[in-house]
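Me: I am new to this structure and want to see how its descriptions are reached. Please take me through them one by one.

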Amino acid sequence: MTLMKNKILLALVVFITIGSLYSCSDWLDVKPKSQVKDAELFSTESGFKEALSGVYSLLVTEPLYTKELRFGMAGVLAREWSYYTTVTGGYAGEESYDYTVSATENRIEAIWKGLYNTITNANVILEVIDSKKSILTEVNYNIIKGEALAVRAFCHFELLRYFGVSWTVNSSQPAIPYVKTYAPVQSPQLKVSQVIDKVLEDLNDAVELLKSDPIYTRKVITELDDNGYLMNRQRHLNYYAVKGLQARAYLYKKDYINAKLCAREVINSGVFTWVSQNDMIAMNDPAGATEQLWAIDVQSLSTIATNYFSSSSGSGVLPVYSERLAIYYGDERQDDYRYMYLFENGTGANSNSRYLRKLYTPNLEDSYYRNKMTMLKLSEMYYIVAESCYYTTDDYMTPINDVRHARGLNTASQPVNFINFLTTEFRKDFLGEGQLFLFYKRQNMGSIYDSAADLIGLKAYTFPLPKSETQAAQREDNR
Amino acid sequence: MKKLYSIVLGVVLLIAAFTWIPGYGQTTQKLVSINLKDARLTQALDEINSKTGNQVLYKVEEVSKETKLITVNLKDVSPVKCVEACLAGTGFTHSVQGDVIVVQPKGESQRQPQQPAKHILKGYVTDVLGKPIEEATVVIKGTTKGVATDSKGFYEIETPLNATICYSCVGRKNLEIRMKGEKDLNIILEEAEAEVSEVVVTGMFERRKESFTGSALTFTNENLKLYGNQNIIASLKNLDPSFIVQESVEFGSDPNRMPDMRIRGTSSLKGDYEGNPNQPLFILDGFQATATQIFDLDMNRVAWVTILKDAAAKAIYGSKAANGVVVVETILPKMGKLKATYTGDININAPDLTSYNLANATEKLQIELGAGRFTRTSIEQQQFMREQYNALLSEVERGVNTYWLSKPLRVGIGQKHSMHLEGGDPAMRYSIDFASNNVAGVMKGSDRETVSGSINLSYRYKDIIFRNMLNVAFNRADDSPYGSFSDYSRLNPYWTEYDENGNLKRFLGSYSPPAFSGTTTNYANPLYNAAVGTKNFSKYAEITDNLYAEWQAIKNLKIVGRFGFTYNNDSREDFYPGDHTRFNDLTGEDYFKRGSYSITDGESKSVSASITSNYTGVFGSHMILANLGWNLATTSNISHGMTAQGFLNNRVDDITFARQYQENGRPSGSESITRELGIIGAVNYSYNDRYLADLSLRTNASSMFGANNRWGTFWSVGLGWNIHREKFLLRSKVINLLKLRGSTGYTGNQNFNPFQAMRTYQFFTDRLYDNISGSYLMALVNNNLQWQQTHDINGGIDLGMFKRLNIRFDAYVNTTNNMLIDYTLPSSTGFTSYKENLGEVENKGFDLTASYMVYRNPDKDAFFSINASAAHNVNKLKKISSALTNSNEEQIDNVGTSPLTLYKEGQSLSVIWAVKSLGIDPITGQELYMKKDGTTTYTWDPLDQIVAGDASPKINGNIGFTSEYKGFGLALSFRYTLGGDYYNSTLVNRVENVDVAYNVDKRVLSSTWHNPGDMVAYRRISTSQTSTRPTTRFVEKQNEVTLASLSLSYDFKHLNIQKYKLDRLKLMFYMNDVFRISTVEAERGLSYPFARSFSFSLTATF
């Protein structure tokens, strides 16, 4: 009897011991349903694709590229619109270039946070991808890694363009940190020139990897190839988009030779073509899909167009009054496709207002034309070539006239002041695309159209580092 | 999950396997040795009885007549043999009847069958919990004839038919029963009064109170009921001063709001946790329970509640115990005939509006006029405004003075019925409970209804006890359709609710500024909303099944297995029909969006299992109680919700009649799983019951922590000295109890979001990118995240004097290390915060309970005892990260009208920050502040904020008495808090930062600045709302005394109620929170008023 009892006791002790050891580590690894653990996500190729799509999706937000850094805040800073809300929460701070107004401060903070959050997401992909090379096809490995590097470079370059002083002012002014890790550690703040070097480093690595890109290899991709994963290259940072970014970055650091080289490679590739007059008249391609080196995928584009660019929209509306539009497009405006076809006339009380149509839903059903917000486009390459040529005493009028011809205008003669001329030409093509303010900044213009403010004196071209950064990290003044 | 089930299944099978183990442990007949020389027969039989446990029955008067002296010398023989040897040569013979040997004069055995007056009485003696009482004496009154119960509490005695049987046992009340010819009589012996609860139930094991070194307070059902019949939590706050239930100024006595409670101070910062991070752990019948379960538990089912406060008591709960543990045990079924107990309560809740001091119609209009609401500069405009004023004035003159406060209120009358049935024999016992509790709050339509039933079965088979408790509860909590009370307290008394035709107004009034200077404002009638048919309720259904198996494996070793399963299904629905005034702004093409309905459904399941082995060993003067245990638990929660809009017809109140889902809305939901397992070891050692030691060690792991720090180890050491057991005090008439206790140890706190220690991705639900749903990082996680640990040091003294005075004092220092705080990161890392174990909080204090029996007379069943308690706690933040300091600075910039919670090293967590005020300048009417450098200014600067006070009281506790006289009982308890500071926000918002369009405090009229020279306390009121920011002007000392409870009872035990077939009948009357005296005059119960409660209770057992 006692023997049996002892046996049972022994069994119990053994059971408990085994039970607790056996169960601990695996059983305690709980998997949340609405979330995926990183190890699980990166165990398949589609996980990498999802992570990369996520990185792009993070850019598709109002504080970043579906509003503020396109037509919203960036548009107001460049005085592109005749009307915008200036009440609390509106653009009063932007109007006076006072970045301490809390609504403006919050927008600046959101840009910083949003872009660095995107960088961190890209960093995790880059941290994991090399150890998972075996589960990816070679092409996808090259492309996903190349794109992740390119996103990282793009975001840092954008941060530099807003938070670093203009190269012309002081290229060795402390600017922003270049973050390459997912870790709770503070990355050092780099100078403007150091950041641009890091940007170019990442872009060069990306370009090498993206030589596998079908847009570059000209391999035809259909739905049958990996479910058509590489079909819509213009929605991604493809080989030419990265080339375009390189051109932009070289121009930023005044390396005109390389800027020209990169921009010309894009132009000469023949992949991108001008939108035809007929397509513009028919509203087949208001966004200029064929000219886009890179455009982000914005499913809510029609809502955005209704909210900000129609006479029936409420307080957020951003119209250009007809007199101002006449100034923008000058005397030759009746020939200019952009003036003629890219603006809608207001009705009733708003009959003097003109509304930009670039974001309007195209009449062509093909998804190639739809839901695309321009991030980088062909005309910028021509302008880069032109500016580079100007400073390297090369033929700078031909590239400008190439764009003019594509827009229905005649050949322009050599202007007295080329930079002023380039500015007006640039403005015609980039209205509502967030590039004009950065153009002004690169040129370090003290005064700009429609503003009495001294932008240089106000340090308007450099956003202050946000509090969420300076309160937790030791940062030097970036302005 | 699969693994868990296999483990749990294993446990169940193993427990089940014990059922078929054949019968060991049967009592074998004791062998006795006897050595007598020339002894009388009585002596000899006595001797045998003492060695066999009263197996020999005889009549003293008969046997003492025997003259033959006996000499025997026997070794290890059966008792029968022994008796036989003693009787040899005497005039007596013996017969064996069951276990009993009956000694009779020779020849009498033939006569026996003719004695019809004698018969055999059998039965069991148990304690109230149904545990058998061994060695209880069963004696026929007036004789020395008696037996003792065996190890299972069984006895069998031969008695005359009309005998009175006396049952007695050491430490228990004696009981006399007059027989009426029964053959079976099962007896329950209650514990003697002086020794209430000899054991401390820690939920996992039992500890002898005498040798326990931890700080634990146990309250019986009777103790709890002395202070109220509402719920356990409401009674506990009047019993233990360190158990604090935070009064909510906002939500008052809302019956559907869980109270915020804590034991011995605050150790965690809010914000890092889900729910209330300082809430104690609740254990119900051995398993973790939610605060809601305890709140809704029928009080009549509770056997006792133990509050575990120091490390020695709570360390067995390891990672969850840092905030203290409340252990609740329900009543186990008692053996006996079917017995039914009914308890019925009527609870009356009456609103307490004494804190409101609002202006009446005349005063209000005067205030508006004074504030310049009807004053304009231009003549036309002035005329326009005057007309509006005159219209209001004529209303006031007509006698309109609506008392809005009473409109949404009622005297809530709730009922509670509870039925308890129990009975059974030693092998099988059962109890069935049914309870229905309807709490009616003071706002109309605010109800909480709980219906619960439980079946408790206990089965004993040899050395194994199985018990199964099945409990089912349904609850429905309705919020008042009248909405928030604050919507009424602000209405102007010159408005009326009905129009001339007697219809309820949709709008009470309007205010139009002159043309081109603004738009007309219409003031909606909240009463209108109560009539449109809103629905706001939540409900839950809960099933709990607890299985318990106890096996006395070998003599000193008991093995207990527990398995618990809880399933809870809850839902919440909120419906506002289209006519509700909240939709007034939806006009034009948005009109169809009026009306909204939202539904949330949740489900939670928890499975827990534990096995503990308990060893008791006595080696001479050494006594050891050792426990070893293993436990495992998993809890999963899931919830889904949706909102629909567009209900244009008030008559349809179902979500299916919605026009559409909420515009841009998405289904909501949440989900979480937590798992944990642990191993527990605990030893209690005592030497001679004088020197005591407790040791416990628990190591447990949880899925909530970072992979690098999954396991945590918690331990405690306690030492004690029972000085009253020392020789020099053993005979003392003064000191009957003097015990010194001390303990130290570690426990943890893990009330936080389960997934924050894990790098996870979430998927976008609102956008695709290139037809792929992208994923994004949730947070920057800390793989090294570990348990928040609290180090407790506790010293205590228990003192009993003159058997009348009892004092219990505990002093403690609790330090919480590794406190989880949000470490602020530079946002260039991609995220702004990161969880770190960085902070340190210290809580120091003492708690004291004392009672003095002023008068006691058991003959008259009378006593009068006074009791008092006090608790003191000082809280100090010892270490915070520099990043937290930064977040403070960020907060300073955004300071509003109420003081901020700023965390500063060396300060308490409840400090009130405000700028030093020098009062209202009589000349300008502006507030004069003192800057940090001592200069004065009219400008409020956040950097001038100083520590203006501390909201936690210096001391709090209860004072009261309990008394009884011949069945009448009276108990009274006052609750007091002294020495705290209070920021009188309601005063700020009702006297200064007022919106003059709505009603205000009376003091606006008398105490605000109007003209230069006015020496007043408050600033001037104008039409534009001012915002008075935190200033010392509104910091007040808070000293309060509340009549917490009064109970009056009558027990019919002194009347002959048996003739009505009643065993017990008791009537009680309670009053709770009836009055309150406070140094602070502030509106309390803003969204829901406070209530005074009165109740009648009747308990009958038959």
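Reply: Start with a pair of facing residues: B:Tyr761 stands opposite B:Leu777 in β39(B). Keep in mind that this is a predicted model.

Me: How do you know that β38 of chain B is joined to β39(B)?

Reply: Two strands count as paired if there are at least two bridges between them. Strand β38 (residues 760-763) of chain B has three bridges to β39(B), so the pair meets that requirement. The two run antiparallel.

Me: What makes β1 of chain A and β39 of chain B edge strands?

Reply: The open sheet has three strands in the order β1(A)-β38(B)-β39(B), paired antiparallel. Both β1 (35-37) of chain A and β39 (775-777) of chain B pair on one side only, and that makes them the edges. Neighbouring strands in this sheet are turned by 35° against each other on average, direction ignored.

Me: Which helix lies across β38 and β39 of chain B?

Reply: Helix α6 (residues 102-129) of chain A does, and its direction is at about 100° to β39(B).

Me: Why is B:Ser743 called buried?

Reply: Its relative accessibility is 5%, and buried means under 20%, so B:Ser743 counts as buried. This residue is found in strand β37 (residues 735-749) of chain B. Among the residues that B:Ser743 touches beyond four places in sequence are B:Ala311, B:Val717, B:Asp792 and B:Asn794.

Me: What makes the link between B:Ser743 and B:Asp310 a polar contact?

Reply: The side chains are joined at 2.6 Å.

Me: Why are the buried residues of α13(A) said to be on the same side?

Reply: In helix α13 (residues 301-308) of chain A, the buried residues include A:Leu301, A:Ile304, A:Ala305 and A:Tyr308. They cover an arc of only 100° around the axis, which puts them on the same side of α13(A). Part of what covers them is β8 (372-377) of chain A.

Me: Which residues have the most contacts inside the largest nonpolar core?

Reply: They are A:Phe163, A:Leu237, A:Trp294 and A:Phe309, in a core of 164 residues. Helix α7 (residues 138-163) of chain A gives the largest share of this core, 15 residues. Apart from it lies another core, of 31 residues, including B:Leu353 and B:Tyr389. In soluble globular proteins, nonpolar side chains tend to be buried together.

Me: What does A:Phe163 contact, leaving aside neighbours within four places in sequence?

Reply: Among its contacts are A:Ile108, A:Trp112, A:Ile176, A:Phe463 and A:Asn478.

Conventions. Residues are numbered from 1 along each chain as its sequence is written. Chains are lettered from A and ligands numbered from 1 in the order in which they are written. This is a predicted model: local features need pLDDT of at least 70, side-chain atom pairs count only at pLDDT 80 or more; totals for chains, interfaces and linings use all residues. Side-chain values use heavy atoms; hydrogens and water are left out. Helices (H or I, at least four residues) and strands (E, at least two) are DSSP runs, numbered from the N terminus. Buried means under 20% relative accessible area, exposed over 50%, partly exposed in between (1.4 Å probe, protein chains only). A polar contact is a pair of N or O atoms within 3.5 Å; within protein, one must be able to donate a hydrogen and the other to accept it, and residues adjacent in sequence count only if both atoms are side-chain atoms. Contact means heavy atoms within 4.5 Å. The arc is that of the directions from the helix axis to the C-beta atoms. Axes are lines fitted to C-alpha atoms, for helices over the stretch in contact, and angles run from 0 to 180 degrees between N-to-C directions. A nonpolar core is a set of buried Ala, Val, Leu, Ile, Met, Phe, Trp, Tyr and Cys residues joined through side-chain atoms within 4.5 Å.
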